[in-house]
Amino acid sequence: GDRVLSTFLGLGVVTFGVTYSFALSVDTTKLRIPFIFLSESINYAPSSCFGSLLLSPACAAFALVVILRHEQLRTLCSTVPRTRALGLLSAAAGHGVASFQLKNLAVAHFLCAYLFFFCTTAYIVLAVRHERRHGVPARWALGASLRMTCAVLAPVFVLYTCAIGPLILWHFVGSIDHYADDERKGTTQSMAEFVVVMTLAVSEICMYLFFAGFFATLFWELRAVELKLLVTRHVGADHPSANSLHEPFINYIAERINDAFSIGVTRKWSSVVRVIASWSACGEWRLPASRAGNMDPDSAQS
């Protein structure tokens, strides 16, 4: 579980580190202060390409973290938390933010962004509330306190970024067309507009950092959770096994994937390559002799 969480957080940090670097230097339309929003950093090529490439697997890892934490809490307390749907919806919305750039499809981008912000905030608040109400034991006491801090501050930044700030900006700008024109030029009409736009951008970045901080405190909690892959085959009238992969091969690949997470991908990759290379002329998967001999006779039937 801690490795999945590390992948999620690492991809998020790397994504915006790369996109901000490109957006400030080599993008077709360079990022200018005060328009340093997260969405602007993945709006133009090549930043948008790296944003889609890296944020999508990060959101997939986010969904796995939500599922792992949910299953862990089911074993730690009698009441099942009602936060899994919010977390999965937030992960899907994050994927939408990366897929629909602001300049290409603004409505879909803003819809996914608002879903991501509000669903993640609700997930954090409800998760902390569940932990405190049911006395969920924490492996790291300071982490529980930090999660509480994030649950208090994140809604404040979300409220300002998504509601109060835009209303103030609308007062100074007057229309969305004027703001869009200022954004394209990278300038503001007044000092007041500059201050509001800058505080909005900083608030959005702080909000993202609070989200990341909340999940970072779960690192020690998820170290007690282990993720394994198990593949089974149903044999019967409704699940014919003809023309399907052999069960020994499927379980062998599942075993290799599990070992890769536990030991390291490099040492096990050669075994997987040898299996793939053993495709016979008649179109059947065959295991290496060293592995086939260790299979149970009943499971080796095709």
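The model is predicted, so local features are taken only where pLDDT is at least 70 and side-chain atom pairs only at pLDDT 80 or more, while totals for chains, interfaces and linings use all residues. Residues are numbered from 1 along each chain as its sequence is written, and side-chain values use heavy atoms, with hydrogens and water left out.

**Overall fold**

- The protein chain has 12 helices and zero strands, where helices (H or I, at least four residues) and strands (E, at least two) are DSSP runs numbered from the N terminus.
- Of the 302 residues in the protein chain, 40% are buried, a term that stands for under 20% relative accessible area, with exposed meaning over 50% and partly exposed in between (1.4 Å probe, protein chains only).
- Among contacts with a separation of 6 or more, 71% join residues 24 or more positions apart, a contact being heavy atoms within 4.5 Å.

**Nonpolar core**

- The largest nonpolar core holds 48 residues, of which Phe211, Phe214 and Phe215 touch the most other members; such a core is a set of buried Ala, Val, Leu, Ile, Met, Phe, Trp, Tyr and Cys residues joined through side-chain atoms within 4.5 Å.
- At least two residues of this core come from each of α1 (2-23), α3, α4 (84-99), α5 (106-133), α6 (141-173) and α8 (191-216).
- Leaving aside residues up to four places away in sequence, phenylalanine 214 touches Tyr123, Ile124, Ala127, Val128, Arg147 and Cys150.

- Most peptide bonds are trans.
- Serine 48 belongs to helix α3 (residues 47-76) and counts as buried because its relative accessibility is 11%.
- Beyond residues up to four places away in sequence, serine 48 touches Ile42, Asn43 and Gln101.

**Surface**

- The accessible surface of the protein chain comes to about 16,400 Å², with 65% belonging to carbon and sulfur atoms; accessible areas come from the Shrake-Rupley method with a 1.4 Å probe, and for residues only the protein chains shown count as cover.
- Leu64, Ile67 and Leu88 form a nonpolar surface patch with about 200 Å² of accessible area together.
- Patches are made of residues with over 30% relative accessible area and no salt bridge, with like charges joined within 9 Å and nonpolar side chains (Val, Leu, Ile, Met, Phe, Trp, Tyr) within 5 Å; a salt bridge is a side-chain nitrogen of Lys or Arg within 4 Å of a carboxyl oxygen of Asp or Glu.
- Isoleucine 67 lies in helix α3 and is partly exposed, with a relative accessible area of 34%.
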